[in-house]
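Please read this briefing with the structure open beside it. The points are grouped by topic and can be checked one at a time.

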Amino acid sequence: MTPEKPLSPHIQIYRWEITMLASILHRAAGIALAAGTVLLVWLLLALASGPVAYECFHKFITSPVGTVLLLGWTGALFFHMGNGFRHLVMDTGRGYSVVAAKRSAFAVFVFAVLMTLLVWFVACPWQ
Amino acid sequence: MSNSPQRILSPLARARGAGSAHHGAGHWLHQRITALANIPLMLWLVWSVVHMQDWNYAAVSLWLAQPINAILMILAVLSTFYHAALGAQVVVEDYIHHPGFKMVKLIGLRLFFIAAAVASVFSILKVAFAG
């Protein structure tokens, strides 16, 4: 009779953990920010091209779609920044205990939400 | 670092610090250096956008024409775009498994970010020198 061996975790059997959510969102936010560079290039090209081109960019970025993109970019930026800082700290070998990793991941979410709210609703540039 | 017969790297490859990925720790280190630079640069960019007097063409051009703003914007573009290119490269390496398609994606990404950086730096300089 073969002894019972522990089975390796299967892709369908897992529990969501905040650390894993932070890891997945870090990459997703990074991809979103990389795509968002197109908006920054557009802004700079429009500024160099003149008032008409700038007006076109301005009209897009203040439209509902542009506003949602900019809001998402702000959230992605602060999440990626906070979690990136967390990774830099972990690169020094600190914060690897389960409790510390969960706590720092939670802190990153709080930081991202607070900074996004601060930028949009406290220092709102369209008021 | 033992001289056991099992070691895979040639002495030269080991001296260069290049592992199985052939580019050593360069990618890893560049990603961290640009990450550190990105933090103050992006905080500056968001702070500047929030504190912009007005969002019309004249005000934004005048702002970008200031030497300190033009310099910081060039640094921000170079650092974040390089960081984005390094990150996007890892994503492609992780998820695209077809060798030919992977190479096309990697080259395409690199060309895109080089073009984006050149277009951005040229635009910043044009606004800065015209203003």
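This is a predicted model: local features need pLDDT of at least 70, side-chain atom pairs count only at pLDDT 80 or more; totals for chains, interfaces and linings use all residues.

Chain B consists of five helices and has zero strands. In chain A, 23 residues are in contact with 25 residues of chain B. The largest nonpolar core has 35 residues, and helices of both chain A and chain B supply residues to this core.

**Chain B as a whole**

- Read from the N terminus, the elements of chain B follow the order α-α-α-α-α.
- Chain B has 131 residues, and 20% of them count as buried.
- Taking the contacts in chain B between residues at least 6 apart in sequence, 69% join residues at least 24 apart.

**Helix 3 and helix 5 of chain B**

- Helix 3 of chain B covers residues 57–65 and helix 5 of chain B covers residues 99–130; they pack at an angle of about 95°, and their axes are 8 Å apart.
- Because of that angle, helix 3 of chain B is roughly perpendicular to helix 5 of chain B.
- On the helix 3 side the residues are Ser61(B), Leu64(B) and Ala65(B), which meet Ile124(B), Val127(B) and Ala128(B) of helix 5 of chain B.
- Sorted by class, this contact of helix 3 with helix 5 of chain B has five nonpolar residues, one polar residue and no charged residues.

**Where chain A touches chain B**

- The contact joins 23 residues of chain A to 25 residues of chain B.
- On the chain A side, helix 1, helix 2 (51–61) and helix 3 (64–91) each supply at least two residues.
- Helix 1 of chain A gives the largest share of that side, with 11 residues.
- The side of chain A that touches chain B has 17 nonpolar, four polar and two charged residues.

**The largest nonpolar core**

- In soluble globular proteins, nonpolar side chains tend to be buried together.
- Beyond its neighbours within four places in sequence, Leu64(B) is in contact with Leu47(A) and with several residues of chain B, including Asn69(B), Ala70(B), Met73(B) and Ile124(B).

**Helix 4 of chain A**

- Helix 4 of chain A has 25 residues, so at 1.5 Å a residue it should span 36 Å; its end C-alpha atoms are 35 Å apart, which agrees.
- Its buried residues are Ser104(A), Ala105(A), Val108(A), Ala112(A) and Val119(A).
- The buried residues of helix 4 of chain A pack against helix 1 and helix 3 of chain A, and also against helix 2 (26–50) of chain B.

- Where does His10(A) lie? It is in the segment before helix 1 (18–49) of chain A.
- His10(A) counts as exposed because it has 7 C-beta neighbours inside 10 Å, and exposed residues have 12 or fewer.
- Between the C-alpha atoms of His10(A) and Leu43(A) the distance is 46 Å, with the two residues 33 apart in sequence.
- His27(B) belongs to helix 2 of chain B.
- His27(B) has 14 other C-beta atoms within 10 Å, so it is partly exposed.
- Along the chain, His27(B) and Leu64(B) are 37 residues apart, and their C-alpha atoms are separated by 31 Å.

Technical notes
Residues are numbered from 1 along each chain as its sequence is written. Chains are lettered from A and ligands numbered from 1 in the order in which they are written. Helices (H or I, at least four residues) and strands (E, at least two) are DSSP runs, numbered from the N terminus. Two residues are in contact if their C-beta atoms, placed from the backbone, lie within 7 Å. Ala, Val, Leu, Ile, Met, Phe, Trp, Tyr, Cys and Pro count as nonpolar, Asp, Glu, Lys and Arg as charged, and the others, Gly among them, as polar. Axes are lines fitted to C-alpha atoms, for helices over the stretch in contact, and angles run from 0 to 180 degrees between N-to-C directions. Angles under 35 degrees count as roughly parallel, over 145 as roughly antiparallel, 65 to 115 as roughly perpendicular and the rest as oblique. A nonpolar core is a set of buried Ala, Val, Leu, Ile, Met, Phe, Trp, Tyr and Cys residues joined through C-beta atoms within 7 Å. The expected span of a helix is 1.5 Å times one less than its number of residues.
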